Amino acid sequence: GGVNKIEFPDPNTTVLSKRDGGQTAEALRVTAPDGRLYINFIGGRYAYPMMSYWKILRGEFRPEDARGKVIFIGDTTLTAHDYFLTPFRAPARRFVAQLRQETAAGATLTNVSTFGVEIHAQAFQTILERSALRKIAPFWSAALILGVGALSGLLLFRERSFQMNTLFMLLCGAGVWGVSQYLFSAQFLWIDLAPLEAAILI
């Protein structure tokens, strides 16, 4: 299955704490409406540097590669089946060797999947940067659909040529797409595009 959110038993779960002078203090509290927090993925598989555990045991790594960084430990063997589909594909151009090796092992599915430990890292970064995605409320989604449909109707259903109406329809669709992309990237607001584009066509 796919993974795009974190489930919390408590909407106000403390996820980070620190010790200062023998006292434990809260460092970060995440607010998850309805107990869900949608991960703002920065990329797919291999979005973060990875290091084999055996290299650490043998000391075959540079200490500066780990100094001052948050480290996640997880199983990335294919037999563990700890990989999931995410909104991103693996950057195949950068990791051609790894992907070819897995394909030869008959694990084609994992070429577009992300390891569980990487998803934990993505979720941690989302919480740390307070960049969780927010889905638009159903009421406002319905209002947007009605508003876009009414506006496109006023612009399109006039006595113009077929070519002009088609051009206006494409411009409306591009405008809706552009605004939604801006809200997604700048405000972390997730708007379902399909109903809005359908409202323009209908």
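Leu128 has its place in helix α3, where helices are DSSP runs of H or I of at least four residues and strands are DSSP runs of E of at least two, both numbered from the N terminus. The model is a predicted one, in which local features need pLDDT of at least 70 and side-chain atom pairs count only at pLDDT 80 or more, while totals for chains, interfaces and linings use all residues. Residues are numbered from 1 along each chain as its sequence is written, and side-chain values use heavy atoms, with hydrogens and water left out.

With a relative accessible area of 49%, Leu128 is partly exposed; buried here means under 20% relative accessible area, exposed means over 50%, and partly exposed lies in between, for a 1.4 Å probe and protein chains only. Leaving aside neighbours within four places in sequence, Leu128 is in contact with Leu16 and Leu28, contact meaning heavy atoms within 4.5 Å. Leu128 and Leu16 are 112 residues apart along the chain, and their C-alpha atoms are separated by 9.3 Å.

The chain as a whole gives the setting for this helix. It holds 6 helices and 8 strands, which run from the N terminus on as β-β-β-β-α-β-α-β-α-β-α-α-β-α. Of its 202 residues, 27% are buried. Among contacts between residues at least 6 apart in sequence, 73% join residues at least 24 apart.

Other residues of α3 can be followed in turn. Thr126 also lies in helix α3 and counts as buried because its relative accessibility is 2%. Leaving aside neighbours within four places in sequence, Thr126 is in contact with Leu37, Tyr38, Ile39, Asn40, Ser131 and Ala132. Glu118, whose place is in α3, counts as buried because its relative accessibility is 4%. With neighbours within four places in sequence again left aside, the contacts of Glu118 are Arg45, Tyr46, Ala47, Tyr48 and Met50.

Phe72, which is found in the loop between α1 (53-58) and β5 (83-85), touches Val117, His120, Ala121 and Phe124 when residues up to four places away in sequence are not counted. Phe72 and Val117 are 45 residues apart in sequence, yet 6.6 Å apart in space, C-alpha to C-alpha. At 34% relative accessibility, Phe72 counts as partly exposed.

What, then, makes up the largest nonpolar core? It has 11 residues, namely Ile6, Phe8, Leu28, Val30, Ala32, Leu37, Ile39, Phe41, Ile119, Ala123 and Ile127; a nonpolar core is a set of buried Ala, Val, Leu, Ile, Met, Phe, Trp, Tyr and Cys residues joined through side-chain atoms within 4.5 Å. The elements that give two or more residues to this core are β3 (23-31) and α3 (116-129), and α3 gives the most, with 3 residues. In soluble globular proteins, nonpolar side chains tend to be buried together. Leu37, one of the residues of this core, is in contact with Asn4, Lys5, Ile6, Phe8, Val30, Thr31, Ala32, Thr126, Ile127 and Ala132, leaving aside neighbours within four places in sequence. Apart from this core lies another, of 8 residues, among them Ile136, Val148, Val176 and Ile191.

Two packed helices are described by the angle between their axes and the distance between the axes. Helix α5 (residues 162-187) and helix α6 (residues 193-201) pack at an angle of about 160°, with their axes 10 Å apart; axes are lines fitted to C-alpha atoms, for helices over the stretch in contact, and angles run from 0 to 180 degrees between N-to-C directions. The two helices are therefore roughly antiparallel to each other, a term that applies to angles over 145 degrees, while those under 35 count as roughly parallel, 65 to 115 as roughly perpendicular and the rest as oblique.

Two loop residues complete the tour. Arg130, in the loop between α3 and β7 (134-135), has a positive phi of about 55° although it is not a glycine, and at 58% relative accessibility Arg130 counts as exposed. Phe188, in the loop between α5 and β8 (189-190), has a positive phi of about 60° although it too is not a glycine, and at 26% relative accessibility Phe188 counts as partly exposed.
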